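Please read it alongside the coordinates.

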Amino acid sequence: MVRSDFIMEIRRYIVNPAERRLRAPWRVTVWVFLAGFSLILLSGVVAVVSSVVRMTPAVGVARQIALFAAGPIVAVGIGYLLDRRTLSDYGLGFDRQWWRDAAFGLALGVGLPTLVLFVELAVGFVEASVAFATVDSGPLPLTAFGPLVAILLLGAFFLVQATAEEVLVRGYLLTNAAEGLAGWVGKRRAVIAATALTGALFGVLHWTNPSASLLSVTNITLYGLLLGACYVLTGRLGVASGFHVAWNYTLALLGFPVSGLRMGVTLLSTDATGPALVTGGEFGPEGGLIALPLLGVGGAALYWWVRREYGTVELLDAIATPELRIRTRSDTANQDG
């Protein structure tokens with residue numbers, strides 16, 4: 001009898017009996033294992049197929065895009081089964097407001113790097129010239145294509161790459177962290193803590209990029225907080241995804257490194273001549289002090305947009321409250337009563 005009670009207590013620690021699913025820490029642990037294993041397996045399959053198919057630049061680019069596109073599909077698919085959430089609970093409710101938010105995010109992501117270019121040109125910290133061309137650098141083999149095709153392919157790459165990061169870091173991890181912490185610190189503090197934790201994770205994930213520094217990791221952590229704010233103030237990933245995609249794409253087209261990477265195709269040839277501490281040097285604007293005032297501009301723009309579209313600017317406690325696809329036992333009891 002004692003043993004049975006002990007087993008039941010352990011079970012309640014692992015499984016939420018009311019919701020009939022694993023509790024947040026266990027769900028995330030299982031999700032990391034299954035999603036990671038699935039992506040490794042998928043990469044292996046792609047590698048085998050690539051060894052059979054004649055490797056061309058087009059196949060190489062398609063492989064990169066396909067892997068990034070598969071990432072969020074696999075991860076959200078596994079999370080969808082484990083969490084038993086609705087897709088909108090991951091910030092993926094593609095309603096009209098979602099697309100309006102995405103359009104605003106795209107505009108913001110284009111505007112801030114363009115502002116960097118104008119400011120640095122004005123103070124003499126950068127030299128720029130028109131260079132509608134591909135260059136032999138970057139993670140994608142774009143030199144085999146004409147500039148126009150290469151630019152379109154780069155856009156497709158950033159669309160899946162940046163969106164994948166937002167779905168995984170903000171949509172899945174932030175949402176689950178907020179829910180898991182809510183019982184300990186309350187919903188509002190849980191949302192704040194989850195935003196901070198995933199912002200720090202976002203910064204650390206860029207630590208191994210070329211030319212990374214303590215300042216670049218700090219800046220990207222702060223940008224991670226801004227992207228998190230885009231989510232927790234709207235309940236949608238539209239602004240964050242649009243901003244992230246357009247930010248990376250615009251930096252590349254303006255000739256700046258994107259988190260230390262030259263992407264292989266550009267509209268401008270940009271050479272930073274000012275202090276690397278300010279411009280970010282070979283890491284790009286994200287690695288310099290110039291990134292900090294942009295955060296203020298981005299934060300102010302986000303505040304204006306949320307107030308305009310949603311009427312008020314406040315953290316959404318709903319981020320920490322799961323919207324499930326199944327009826328919980330409490331729901332069943334209330335209906336029966």
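What covers the buried residues of α6? Point 2 takes this up, after the basis of the note.

1. Basis. The model is predicted, so local features are described only at pLDDT of at least 70 and side-chain atom pairs count only at pLDDT 80 or more, while totals for chains, interfaces and linings use all residues. Residues are numbered from 1 along each chain as its sequence is written, and side-chain values use heavy atoms, with hydrogens and water left out. Helices (H or I, at least four residues) and strands (E, at least two) are DSSP runs, numbered from the N terminus.

2. Helix α6. The cover over the buried residues of α6 includes α5, α7 and α8, where contact means heavy atoms within 4.5 Å. Those buried residues are Ala-190, Val-191, Ala-194, Thr-195, Thr-198, Gly-199, Phe-202 and Gly-203. Buried stands for under 20% relative accessible area, exposed for over 50%, and partly exposed for values in between (1.4 Å probe, protein chains only). The 18 residues of α6 should span 26 Å at 1.5 Å a residue, and its end C-alpha atoms are 26 Å apart, which agrees. The expected span of a helix is 1.5 Å times one less than its number of residues.

3. Helix α3. This helix covers residues 57-83, and its 27 residues should span 39 Å at 1.5 Å a residue; the end C-alpha atoms are 39 Å apart, in agreement. Its buried residues include Gly-60, Val-61, Ile-65, Ala-70, Gly-71 and Pro-72. Towards the end of the list come Ile-78, Gly-79, Leu-82 and Asp-83, which are also buried.

4. Positive phi. Arg-84 follows α3 and lies in the loop between α3 and α4. Its phi is near 60°, a positive value in a residue other than glycine. At 30% relative accessibility, Arg-84 counts as partly exposed. Ser-211, in the loop between α6 and α7, is another non-glycine residue with positive phi, near 65°. At 45% relative accessibility, Ser-211 is partly exposed.

5. Salt bridges. The structure holds 12 salt bridges, each a side-chain nitrogen of Lys or Arg within 4 Å of a carboxyl oxygen of Asp or Glu. One of them joins Arg-21 to Glu-19, with the closest N and O atoms 2.8 Å apart. Both Arg-21 and Glu-19 are buried. Another pairs the side chains of Arg-27 and Asp-83 at 3.1 Å, N to O. Arg-27 lies in helix α2 (residues 24-52) and Asp-83 in helix α3, so this pair ties together parts that are 56 residues apart in sequence. Arg-27 counts as buried at 1% relative accessibility, and Asp-83 is buried at 0%.

6. Glu-282 and Arg-262 meet through their side chains in a salt bridge of 3.9 Å, N to O. Glu-282 is in the loop between α9 (276-279) and α10 (291-310) and Arg-262 in the loop between α8 (238-253) and β4 (265-272), so the pair ties together parts that are 20 residues apart in sequence. Arg-262 is partly exposed, with a relative accessible area of 30%. Elsewhere, salt bridges that share partners join Glu-19, Arg-21, Arg-27, Asp-83, Arg-85, Asp-89 and Glu-179 into one network.

7. Helix α10. With 20 residues, α10 reaches 28 Å from its first C-alpha to its last, close to the 28 Å expected at 1.5 Å a residue. Its buried residues are Ala-291, Leu-294, Leu-295, Gly-298, Ala-301, Leu-302, Trp-305, Val-306 and Glu-309. They cover an arc of only 135° around the axis, which puts them on the same side of α10; the arc is that of the directions from the helix axis to the C-beta atoms. These buried residues pack against α4 (96-123), α7 (214-232) and α8. Gly-311 follows α10, with a positive phi near 85°.

8. Thr-234. This residue is found in the loop between α7 and α8 and counts as buried at 4% relative accessibility. Not counting residues up to four places away in sequence, Thr-234 touches Asp-101, Val-306, Tyr-310 and Leu-316.
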